[in-house]
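Here is a short tour of one model, written for a reader who likes to follow along in the viewer. Please have the sequence and the coordinates open as you read.

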Amino acid sequence: MLPTRENAEKLLIEAEKCNPGAWGNHSRIAAHCAEKIAKQCSDLDPEKAYILGLLHDIGRKFGIRHLGHVSDGYSYMMSLGYEDAAKICLTHSFHNQTIDGYVGNFDTTKEELTLIQDTLKVVVMDDYDRLIQLCDSIAGAEQILFIEDRMNDVRQRYGSYPQEKWVTKQLR
């Protein structure tokens, strides 16, 4: 249900050729964070954590999209038979398993939005989902960031960051 580490790295390099940008390095930093954290947890596999972190934004391969990268990544990983990676492509953007509070543009078709919503309703989130959400929240394109700095980065790129999510993340 997952590619090997080597194949995941090849998938990311291939994806970056299709859509170059800072997202590739962000994914690498998220992967390294996930691996290091997983090494400290007896119930998490560091290799799996690394691969999931590396592929969480793989939907960006298909162009500059906001919510669309979620459905693109999910569909792409499912087409390759990597169900665990597909799940992370979907769950990394939704801490509460709904599209409520999504930060970014809703640039999906009706079919893509339905796919996201329907899958979120039935997916069972686990510690890997939460780990990649955390790592996505602290991984910049050049280094690990304080959560507040990452939220400011998102605010600059997307034009806003909901105050409710800002306060919630700071309280965690």
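## A loop residue with positive phi

Gln-97 is found in the loop between helix 5 (83–91) and helix 6 (110–122), where helices are DSSP runs of H or I with at least four residues, numbered from the N terminus. The phi angle of Gln-97 is near 60°, a positive value in a residue other than glycine. For context, most residues other than glycine have a negative phi. Gln-97 counts as partly exposed, at 24% relative accessibility; on this scale buried means under 20% relative accessible area, exposed means over 50%, and partly exposed lies in between (1.4 Å probe, protein chains only).

## How to read the values

This is a predicted model, in which local features need pLDDT of at least 70 and side-chain atom pairs count only at pLDDT 80 or more, while totals for chains, interfaces and linings use all residues. Residues are numbered from 1 along each chain as its sequence is written, and side-chain values use heavy atoms, leaving out hydrogens and water.

## Helix 3 and its cover

Let us move to helix 3, which is mostly covered: seven of its ten residues are buried. These are Ala-49, Tyr-50, Ile-51, Leu-52, Gly-53, Leu-54 and Leu-55. The cover over them includes helix 1, helix 2 (23–39), helix 4, helix 5 and helix 7.

At the N-terminal end, helix 3 is capped by Asp-45, which has a side-chain oxygen 3.1 Å from the backbone nitrogen of Glu-47.

Which residues does Ile-132 touch, leaving aside its neighbours within four places in sequence? The contacts (heavy atoms within 4.5 Å) are Ala-34, Ala-49, Leu-52, Gly-53, His-56, Ile-88 and His-92. Ile-132 itself sits in helix 7 (residues 127–138) and is buried, with a relative accessible area of 1%.

## Salt bridges

How many salt bridges does the structure hold? There are twelve, each defined as a side-chain nitrogen of Lys or Arg within 4 Å of a carboxyl oxygen of Asp or Glu. One of them joins Glu-14 and Lys-61, with the closest N and O atoms 2.6 Å apart. Glu-14 lies in helix 1 (residues 5–18) and Lys-61 in the loop between helix 3 (46–55) and helix 4 (68–79), so this pair ties together parts that are 47 residues apart in sequence. Glu-14 is partly exposed, at 37% relative accessible area, whereas Lys-61 counts as buried at 11%.

Two further pairs deserve a look in the viewer. Arg-65 and Asp-72 meet in a salt bridge at 2.9 Å, N to O; Arg-65 is buried at 16% relative accessibility, and Asp-72 is buried at 15%. Asp-57 and Arg-60 form another, at 3.9 Å, N to O, and both of these residues are buried. Elsewhere, Arg-5, Glu-9, Glu-35 and Glu-47 are linked in a network of salt bridges.

## Cysteines

With a disulfide taken as a pair of cysteine sulfur atoms within 2.5 Å, the count comes to zero. Cys-135 is in no disulfide, and the nearest cysteine sulfur, that of Cys-33, is 5.1 Å away. Is Cys-135 buried or exposed? Cys-135 is buried, with a relative accessible area of 0%. Cys-18, on the other hand, counts as partly exposed, at 49% relative accessibility.

How values were computed. Helix = DSSP H or I, 4+ residues; strand = E, 2+ residues; numbered from the N terminus. Polar contact = N/O pair within 3.5 Å; in protein donor to acceptor, adjacent residues only side chain to side chain.
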